[in-house]
Amino acid sequence: MLSEFDLIQRYFNWPTENVVLGIGDDAAIIAPMKGVELAISADSLVVGRHFFDNADPYKLGFKSLAVNLSDMAAMGAIPKWVTLSLTLPQLIIDQHESWLSEFSKGFRELAQTYRIELIGGDTVSGPLNISIQIIGEVEKGYCLRRDGAQLGDDIWVSGYLGDAALALKHELRNFKLNDNEAFYCKSALHMPIARVELGQRLVGLANSAIDISDGLMADLGHILARSEKAATIELSTIPVSEVMKRYLSTSIAIECILTGGDDYELCFTAPKMNRDAVILLGRELQLPLTIIGEITQQKSQTPNLVVINNNKKVILEKNGYDHFVT
């Protein structure tokens, strides 16, 4: 049986380069660069709520860091340091070192890709839970925020929306995909790509940004609420994959695109004068960047987000994922 300190030493005590004091003491010490501000975010993934109990540990390690990287992307920050707290079932601690090895591998490989250093955390026995705090740097006064949307801004999204949610519908047996479709969509669900470089390159171009974790309508709604603005988006302009295009006539596909969540793409607003620059950026990054609507003035007694499809308003039962609803 591994002790807590043996577990940390074997699987999570990696060499660091840019840390004053890392794992092994009561707290880590970091030294931010002069002229930067720290962007700090925390997230928890809970078995049965965010992932299945039979989830592939390598992909789970990868995703647990990727979703936090997405928060850094939304702020235009450079991710630098991360802490990891694991609540582990006793069975994994006693008998399944292979699970720990694969989880550690998935987490570490993605961390190395972005030169992120693991500087601390905690381990305890209990129902499987993964809690991460990530810290990034952004030039002072230049972070992307939710409250900066301006009247007349274009509303953009990166990549394609809805595939991860469609994969989840498939895994829950609420929708049937063929094997090739399921493979493609499950990749989006289990190993999302955080748009870190895009976020950094949008500083100076975008007025506001957010990552799409709980669904386009919910997350764009956060921008609108913080910016005290309204918006109109056109359903037909929302970018979707070839797989999703096959199912656009179904209500489930529309639900996945607008409210499904787990996309981890960026939704951002930018003035029309920057449109050509954003298009060029998308080409440079080889990443689809698509205008889906426009920021409008908030008016009393009207919805702050209107979705139009074939000149009709789209009515949905919910706006996005709610972490407190079973």
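This is a predicted model: local features need pLDDT of at least 70, side-chain atom pairs count only at pLDDT 80 or more; totals for chains, interfaces and linings use all residues.

Mentor: Happy to! Start with helix H5 and helix H6, the latter covering residues 179–190. Their axes lie 7 Å apart, and the two helices pack at an angle of about 110°. Angles of 65 to 115 degrees count as roughly perpendicular, and H5 and H6 are therefore described that way. As for handedness, H5 passes H6 in a left-handed crossing.

Now stay with H5, which spans residues 163–171, and turn to helix H10, residues 251–260. Here the axes come within 8 Å and cross at roughly 125°. That angle makes H5 oblique to H10. The crossing of H5 and H10 is right-handed. To put the pair of contacts side by side: H5 is roughly perpendicular to H6 and oblique to H10, with a left-handed crossing at H6 and a right-handed one at H10.

While you have the model open, two loops are also worth a visit. In the loop between helix H1 (4–11) and strand S1 (36–46) you will find Ile-29. Ile-29 counts as partly exposed because its relative accessibility is 43%, and together with Val-20 and Leu-21 it makes a nonpolar surface patch of about 240 Å². The other loop, between strand S10 (305–309) and strand S11 (312–313), holds Asn-311. With a relative accessible area of 77%, Asn-311 is exposed. Its C-alpha is 8.9 Å from that of Glu-234, although 77 residues separate them in sequence.

Conventions
Residues are numbered from 1 along each chain as its sequence is written. Side-chain values use heavy atoms; hydrogens and water are left out. Patches are made of residues with over 30% relative accessible area and no salt bridge: like charges are joined within 9 Å, nonpolar side chains (Val, Leu, Ile, Met, Phe, Trp, Tyr) within 5 Å. Accessible areas come from the Shrake-Rupley method with a 1.4 Å probe; for residues, only the protein chains shown count as cover. A salt bridge is a side-chain nitrogen of Lys or Arg within 4 Å of a carboxyl oxygen of Asp or Glu. Helices (H or I, at least four residues) and strands (E, at least two) are DSSP runs, numbered from the N terminus. Buried means under 20% relative accessible area, exposed over 50%, partly exposed in between (1.4 Å probe, protein chains only). Axes are lines fitted to C-alpha atoms, for helices over the stretch in contact, and angles run from 0 to 180 degrees between N-to-C directions. Angles under 35 degrees count as roughly parallel, over 145 as roughly antiparallel, 65 to 115 as roughly perpendicular and the rest as oblique. A crossing is left-handed if the near helix is turned anticlockwise from the far one by less than a right angle, and right-handed if clockwise.
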